[in-house]
Amino acid sequence: MSSNSRVSAGNRLIDSLPSGDRRRVMRACERTSLAVPAVLCGLHERIRHVYFPVSGLISLIMTIHGPASLEVGLIGNEGMFGMPLALGIEVSGARAVVQGAGTALRMEAALFGRVLSLSPALQREMHRYVFVAMSQLAQTVACTRFHVVEARLARWLLMTHDRAGGDHFHITQAWLAYMLGVRRVGVTTAASALQARGLIQYRRGDIEVLDRRGLMSAACRCYQADRDTYERTMGYAQGE
Ligand SMILES: [Zn+2]
């Protein structure tokens, strides 16, 4: 039992639980691959599984009409997909798409409901995480309205860097434009500017973060605000 209590899930929400609750959650999960660009759940579709990423990234995307879309949430190993279930809602309020390949611990929705009902610690964790996600969404709304594309791109790159588990990641220009809700030419200009400052290397969708500190200076304050909210609310840092 003592060695078991130290087993890490690789997901910060699960790992922050007391050992008994953590083991119960991990026993109810199966490990699964996250493959780009799998759609884990459509908008207003019934949530079949919750996902706790260990590596890889899940984007929450809101589509307004046609191709007009915006990323409204980014989930890595600091979070989970399936929040509405913790509120008693069975459908997703956004489309959940795998944006970075990796692995996740997955739990069937009905089982998650049972595990949640038996664990006040998990309930508390979920309530806190719902608040974090709401705050992140509010931050993104203000950011999208008031901050320039270059600063928003830097913010997004840092958020991805935190969750990607390395300095390299792949994302096409079209997908970046999609995430930020801007035209491709806007992404090109912003990425070129960040590259000219020696902060990133960007070629054919391959991104390398060269200067994380410089990228933090280039990003709007929304990046740090999100991290502060996470740490203040959850009681631990989200990690890099
Ligand atoms: Zn911003």
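# Cores, helix packing and backbone in a predicted model

User: Which residues does Phe-52 touch, not counting residues up to four places away in sequence?
Analyst: The structure is a predicted model. Residues up to four places away in sequence are set aside, and contact means heavy atoms within 4.5 Å. On that basis, the residues touched by Phe-52 are Asn-11, Leu-13, Ile-14, Cys-29, Gly-79, Met-80, Ala-104, Leu-105, Met-107 and Phe-112.

User: How many residues does the largest nonpolar core have?
Analyst: In soluble globular proteins, nonpolar side chains tend to be buried together. In this model, Phe-52, Met-80, Phe-81, Met-107 and Phe-112 have the most contacts inside the largest nonpolar core. The size of that core is 42 residues.

User: Which helix gives the most to this core?
Analyst: The core in question is the largest nonpolar one, in which Phe-52 is among the residues with the most contacts. The greatest contribution from a helix amounts to 7 residues, and it comes from helix 5.

User: How many residues does the other core have, apart from the largest one?
Analyst: This other core lies apart from the largest one, and its members include Leu-157, Met-159, Tyr-202 and Leu-215. Its size is 30 residues.

User: Are helix 5 and helix 10 roughly parallel or antiparallel?
Analyst: The axes of helix 5 (residues 120–146) and helix 10 (residues 222–234) come within 9 Å and cross at roughly 165°. Angles over 145 degrees count as roughly antiparallel. The orientation of helix 5 to helix 10 is therefore roughly antiparallel.

User: How many nonpolar, polar and charged residues are in the contact of helix 5 with helix 10?
Analyst: The crossing of these two helices is right-handed. On the helix 5 side, the contact is made by Glu-125, Arg-128, Tyr-129, Phe-131, Val-132, Ser-135, Gln-136, Gln-139 and Cys-143, and on the helix 10 side by Cys-222, Ala-225, Asp-226, Thr-229, Tyr-230, Thr-233 and Met-234. Divided by class, the residues of this contact are 8 nonpolar, 5 polar and 3 charged.

User: How are helix 6 and helix 8 oriented to each other, roughly parallel or perpendicular?
Analyst: Helix 6 (residues 149–164) and helix 8 (residues 184–196) have axes 9 Å apart and pack at an angle of about 70°. Angles of 65 to 115 degrees count as roughly perpendicular. The two helices are therefore, relative to each other, roughly perpendicular.

User: How many nonpolar residues are in the contact of helix 6 with helix 8?
Analyst: Helix 6 contributes Val-149, Glu-150, Leu-153, Ala-154 and Leu-157, while helix 8 contributes Gly-186, Val-187, Ala-190, Ala-191, Ala-193 and Leu-194. Besides 1 polar and 1 charged residue, the nonpolar residues in this contact number 9.

User: How many charged residues are in the contact of helix 6 with helix 10?
Analyst: Helix 6 and helix 10 pack at an angle of about 35°, with axes 9 Å apart. The contact joins Arg-155, Leu-158, Met-159 and Asp-162 of helix 6 to Cys-222, Tyr-223, Asp-226 and Arg-227 of helix 10. With 4 nonpolar and no polar residues, the charged residues in this contact number 4.

User: Is Arg-155 buried or exposed?
Analyst: Arg-155 is found in helix 6. Its contacts beyond four places in sequence include Gln-136, Cys-143, Ala-219 and Asp-226. Its relative accessible area is 5%, and buried means under 20%, so Arg-155 is buried.

User: Which peptide bond is cis, with omega near -5°?
Analyst: Most residues other than glycine have a negative phi, and most peptide bonds are trans. Val-36 and Pro-37 are both in the loop between strand 1 and strand 2. At 48% relative accessibility, Val-36 counts as partly exposed. The cis bond is the one from Val-36 to Pro-37.

User: What is the phi of His-44?
Analyst: His-44 is in the loop between strand 2 and strand 3 (49–53). At 58% relative accessibility, His-44 counts as exposed. Its phi is positive in a residue other than glycine, with a value near 65°.

User: What is the phi of Arg-204?
Analyst: Arg-204 is in the loop between strand 9 (200–203) and strand 10 (206–209). It is exposed, with a relative accessible area of 78%. Although Arg-204 is not a glycine, its phi is positive, at about 50°.

How values were computed
Residues numbered from 1 in each chain as written. Predicted model: local features only at pLDDT ≥ 70, side-chain atom pairs only at ≥ 80, totals over all residues. Heavy atoms only, no water. Axes fitted to C-alpha atoms, helices over the stretch in contact; angles between N-to-C directions. Helix = DSSP H or I, 4+ residues; strand = E, 2+ residues; numbered from the N terminus. Parallel < 35°, antiparallel > 145°, perpendicular 65-115°, else oblique. Left-handed = near helix turned anticlockwise from the far one by under 90°. Nonpolar A, V, L, I, M, F, W, Y, C, P; charged D, E, K, R; others polar. Core = buried A, V, L, I, M, F, W, Y, C linked by side-chain atoms within 4.5 Å. Buried < 20%, exposed > 50% of the residue type's maximum accessible area, 1.4 Å probe, protein only.
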